[in-house]
Amino acid sequence: MRVTVVGAGVLGTMHAWQAIERGHEVLHIERETEARGASVRNFGQIWVSGRAGGEELNTALRARELWEGIGARVPALGFRAIGSLTVVKNAAERAVAEAAARRPDAAARGYRLLDADQARALNPALRGEFAGALWCERDAAVEPRIAQRALKAALLESGRYRYLGGREVREVLGGREVREVLGERAVRDDHGEVHHGDAVVLCTGAWLGGLVRELLPDLPVRRVRLQMMQTDPLGEPLTTSVADADSFRYYPAYRSDALDALNAGQAQAPTAAAHKMQLLMVQRADGGLTIGDTHEYEAPFAFDTVEEPYEHLTGVVESVLGRPLPRIRHRWAGVYAQCTDTSRVVHRQQARDGVWLVTGPGGRGMTCAPAIAETTANELGW
């Protein structure tokens with residue numbers, strides 16, 4: 001089978017990976033020279049801890065297993081089974097962590113409630129003041145800025161993978177338009193070149209206009225904007241990912257009576273509330289810290305980044321680390337696609353015979369992409 005994958009972010013790359021693994025030929029087309037969107041502008045977290053129970057958690061756990069296997073074969077991904085600590089600073093926040101640790105699926109996530117000394121034993125860089133932490137053993141990380149390039153290099157070794165960057169797909173063709181054999185599909189790019197194949201998978205990320213709108217004008221998918229930053233090297237290991245209790249308000253796994261009590265009795269800081277913020281932090285291979293993030297849901301989005309969220313995050317991080325934050329080296333904004341029904345893991349829809357759109361994983365994209373692609377491959381009978 002010849003599979004055409006459009007979009008070279010993590011979702012598209014994992015669809016290409018699945019097709020190659022199953023013995024097929026892949027043509028991979030990307031409108032940029034390489035991925036430039038949400039797939040490289042994220043934390044690189046394989047984030048199991050906050051996922052909703054049921055399908056979402058099962059998808060994340062399967063993806064975590066696949067990431068580990070792929071990471072062993074492609075060391076340049078920088079896969080690290082580092083786990084995460086969500087720090088709590090008072091009794092109300094600790095109650096939410098305790099409720100999470102009592103979930104029926106807590107063992108599958110690797111949840112364990114720790115006091116402050118136990119948390120510091122796992123991550124000695126946390127020298128600030130806090131009351132304890134929720135440990136999630138199943139969380140992991142990869143290097144988002146290089147993951148797609150590393151995967152592409154591995155795919156090229158198969159001899160059945162071809163990559164075309166700097167090509168925007170403008171049209172999906174079929175039948176008499178290109179005199180193709182029955183059942184074959186084709187796409188036309190902005191260079192005027194027509195590419196034939198047996199199946200087309202569109203993984204266009206937050207690009208929901210143009211061809212995507214022409215094919216599927218009423219997608220139940222929205223765009224979400226975020227701001228993040230990265231620092232100079234910390235100068236010491238940050239041995240786990242780190243989150244703060246604001247993440248309890250954001251992720252569905254933490255919904256409970258204890259969370260309702262926290263929301264009722266402890267308001268977020270004004271900046272965090274205004275920008276719908278949480279702290280997530282991961283150390284990069286060079287020692288720098290990736291820190292975020294904000295959430296903006298109403299378009300049109302701002303075209304600039306604003307300083308208040310960065311100032312808030314700096315204060316939160318310094319309170320946890322008990323030391324000044326290294327110099328901020330990068331600031332950026334990103335946009336990702338999210339299903340309007342946020343309980344859905346992804347939107348997968350047939351656009352034409354043999355042509356599928358897969359989009360809208362939201363903040364789950366880096367975590368769940370390998371399992372989402374595996375499901376696509378299974379459902380399409382690859």
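At what angle do helix H1 and helix H12 pack, and how far apart are their axes? In this predicted model, local features are taken only where pLDDT is at least 70 and side-chain atom pairs only at pLDDT 80 or more, while totals for chains, interfaces and linings use all residues. Residues are numbered from 1 along each chain as its sequence is written, and side-chain values rest on heavy atoms, with hydrogens and water left out.

To take the opening pair, H1 (residues 10-21) and H12 (residues 365-379) pack at about 40°, and their axes are 8 Å apart. Helices here are DSSP runs (H or I, at least four residues) and strands are E runs of at least two, numbered from the N terminus. Axes are lines fitted to C-alpha atoms, for helices over the stretch in contact, with angles running from 0 to 180 degrees between N-to-C directions. H1 and H12 are therefore oblique to each other; angles under 35 degrees count as roughly parallel, over 145 as roughly antiparallel, 65 to 115 as roughly perpendicular, and the rest as oblique. The crossing of the two is right-handed, the label for a near helix turned clockwise from the far one by less than a right angle (anticlockwise is left-handed). On the H1 side the contact is made by Val10, Leu11, Met14, His15 and Gln18, and on the H12 side the residues include Met366, Pro370, Ile372 and Glu374. Contact means heavy atoms within 4.5 Å. By class, this contact has nine nonpolar, four polar and one charged residues, where Ala, Val, Leu, Ile, Met, Phe, Trp, Tyr, Cys and Pro count as nonpolar, Asp, Glu, Lys and Arg as charged, and the others, Gly among them, as polar.

With H6 (residues 144-156) the angle is about 20° and the axes are 10 Å apart, which makes H1 roughly parallel to H6. This crossing is left-handed. Val10, Thr13, Met14, Ala16, Trp17 and Ile20 of H1 meet Gln148, Leu151, Ala154 and Leu155 of H6, giving eight nonpolar, two polar and no charged residues. With H2 (residues 55-73), H1 packs at about 75°, with the axes 14 Å apart, so H1 is roughly perpendicular to H2. Here Val10, Met14, Trp17 and Glu21 of H1 touch Trp67, Ile70 and Arg73 of H2, a set with five nonpolar, no polar and two charged residues.

Elsewhere, helix H3 (residues 91-101) has Glu93, Val96, Ala97, Ala99 and Ala100 buried, that is, under 20% relative accessible area, with exposed meaning over 50% and partly exposed in between (1.4 Å probe, protein chains only). These residues cover an arc of only 160° around the axis, so they sit on the same side of H3; the arc is that of the directions from the helix axis to the C-beta atoms. Their cover includes strands E4 (84-88), E5 (111-115) and E6 (132-136) along with helices H4 (106-109), H8 (246-250) and H9 (257-265).

Ala92, also in H3, is partly exposed, at 34% relative accessible area. Leaving aside neighbours within four places in sequence, Ala92 is in contact with Leu262 and Gln266. Ala92 and Ala245 are 153 residues apart in sequence, yet 9.9 Å apart in space, C-alpha to C-alpha. Over in H8 lies Ser247, buried at 1% relative accessible area.
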